[in-house]
Every structure is written in C-alpha cells, then in structure tokens.
Amino acid sequence: MPTNLVRVILALMLLPLLWTAAGAQTVSFPELSSTLPGRTDVTYLDLAKMVIPDLASDGQGFYKGGLPIEMRHIAGPDSGGSPPETSSFPNAALLPIKAGGKDRLAMLFDLGDSPDSAEGYAILALYDVTAKPKLLDAANVAVDRSTYFREPNKLSIGAGDDMLITMSTHFNSSQGYVITPLIMVRDDRFELIDMIYTFDERLCAYSRKQDVAFQSIADGQPYAAFKVTVTDSTVPSDESCDDAPPEALSRDISVTYHWDKKTSRYVADSDALAKLSAENEKRF
C-alpha cells in the first residue's frame, strides 16, 4: 500500500485523538485550492507554495511537489533528517492561533518519510494573513514517522499567545509510540518548550494506555504556567491468556511548567515526565 495512503488512513483512525471537543476551535483540512475566509485573492495553495514552491494539484485529489525551502528542525541542528525529494498529500492541517497579541495562521504539512532518517518530515509553517500573506517561520517538527496536531491543538498561555501541541507517532501490532512536542511562538518564530514521550501497548492479558492532558494556570508571568498530566492506566482483559492479568491500575504523573524571566524560557518543576519516559523505554 502506498505510504501516503497509509498516512491518510492512519489520520482518519486518529481523529478522536487529534480533534478537540465540539464547540472548541478545531483543526481544519480545507481544500487547498479554496480561498481564505473573507478573501478572493489568496488560496491555501498560495500559502503552501511559500514552503513547497512547485506544489501543484495532480488532478486526482492530491498535491505533489519537490523539495521544500530550507528550514531548521524544531529540536535543533542535531535532530531530524532530510526532506523527501518529492512529496504528495491531499491537504494540510490549519490552525488559527494568537502570537504576540496578533492573529496568525499555522499550517502543518506531513511530507512523508525522510530518505535518511527513521523520522518523517513535517513542516509547521506560520503565516500572517491579515493583509498580503507573509510566511513568518517554518520548521520541521517531525520526531517520528507520522505527524499531526494533537488535542487540544493549542493552549492559551496569555491573553494574546497560544502554545501549539503537535504529535508524532508510529505503531506496530501491539505497541504505540507517541512524542508530543510543545511549541510556543515568540517574535513570530517557533520555539520548542519540551517533548512528552508516551507509550501504549495492548497484550493478551492487559492493555496499558497513557493519555495526556493540558491545563493553563494564570500566575502573573508574561507567559502563563501550564500543567501537563499523563494518566497511565492498566486495564486487565477478559481473554484466556498464558500470562495472568495484572491488577487494574491508574496513576497521574503531572509536571507544571513556569516561565523563567531570567532565562526567558519555560522550566519544568520536576523530572517526573523524564522518569516516565525512562520507565517506558524499558518496556519497548
């Protein structure tokens, strides 16, 4: 099965995880040839071509293009791989956000596999579309094979600022690996705050799932504090298995991030999520 078709099917399977509850502002996937709301002179394809200059419709519901513009990896120069020489996808994920008190538009393009990395290649682009559209920043945010926005997609960290939440993942027959980057925008440029590592598995005797929740906490700082909580749940199955099922268990692992004026970055109040990641690695 073609890689791009697999990614589309996986995205459909993950919709409950990727989209927000009804009533909240959700990620959208408009036809790239459609115009921006309230505009007749700019299409989403025009925006996409700012990062993939030769992108064009193939007439069969997909858009194909060559190499994207040069960009950094969100995690730094030692992370990520090269972009694919050609890519094909049906649409891009759109998310309106606030940054520095201004309206901005984030677009996420999953280009598929990297030729020299186990990770994929996914472009997170930031636009000002309030007048003549302008590309403000773009970064590769793939940290695993397939990349999406993750519910709740964004979190308010101030009256005029949102934090973006993406996720990269891959699965095998019984295990799911998820990495969740937390990304802020400062001076119209993406900055990585942290990455949350979670691991799900489904075996004969039990299933174990790690869900992530986010909460803003107003604390009078230029950027609000926020709490990340991973709920680690083990549920025994009713199947007849060689191994005895474990007891049902659920625990919350929480870390609060505070803005540090001295270092101008977010700082976690504990290493609890790092310890959880180390525990998960032993189960791989």
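Analyst: What follows covers confidence, the disulfide and the nonpolar cores of this predicted model.

User: What makes residues 1-6 a stretch to treat with care?

Analyst: The protein chain averages a pLDDT of 91. Over residues 1-6, however, the pLDDT is below 50. Residues 8-24 also have a pLDDT below 50, with 31 contacts beyond near neighbours in sequence. Where pLDDT is low, the predicted coordinates should not be read in detail.

User: How do you know that Cys204 and Cys241 form a disulfide?

Analyst: Their sulfur atoms lie 1.9 Å apart. The cut-off is within 2.5 Å, so the pair counts as a disulfide. A search of the whole structure finds 1 disulfide.

User: Is it left-handed or right-handed, and why?

Analyst: The torsion about the S-S bond of Cys204 and Cys241 is about -85°, so this disulfide is left-handed.

User: Which parts of the chain does the pair link?

Analyst: Distant ones, 37 residues apart. Cys204 sits in the loop between strand 12 (189-202) and strand 13 (206-217). Cys241 sits in the loop between strand 14 (225-236) and strand 15 (249-260).

User: Why is Cys241 called partly exposed?

Analyst: Its relative accessible area is 22%. Buried means under 20% and exposed over 50%, so Cys241 falls in between. Cys204, at 41%, is partly exposed by that rule too.

User: Which residues have the most contacts inside the largest nonpolar core?

Analyst: Leu32, Met107, Phe109 and Ile123, in a core of 24 residues. Helix 3 (44-48), strand 6 (102-113) and strand 7 (120-128) each give two or more residues to this core. Another core, of 21 residues, lies apart from it and includes Met163 and Phe226.

Technical notes:
Residues numbered from 1 in each chain as written. Predicted model: local features only at pLDDT ≥ 70, side-chain atom pairs only at ≥ 80, totals over all residues. Heavy atoms only, no water. pLDDT = per-residue confidence, 0-100. Contact = heavy atoms within 4.5 Å. Helix = DSSP H or I, 4+ residues; strand = E, 2+ residues; numbered from the N terminus. Buried < 20%, exposed > 50% of the residue type's maximum accessible area, 1.4 Å probe, protein only. Core = buried A, V, L, I, M, F, W, Y, C linked by side-chain atoms within 4.5 Å.
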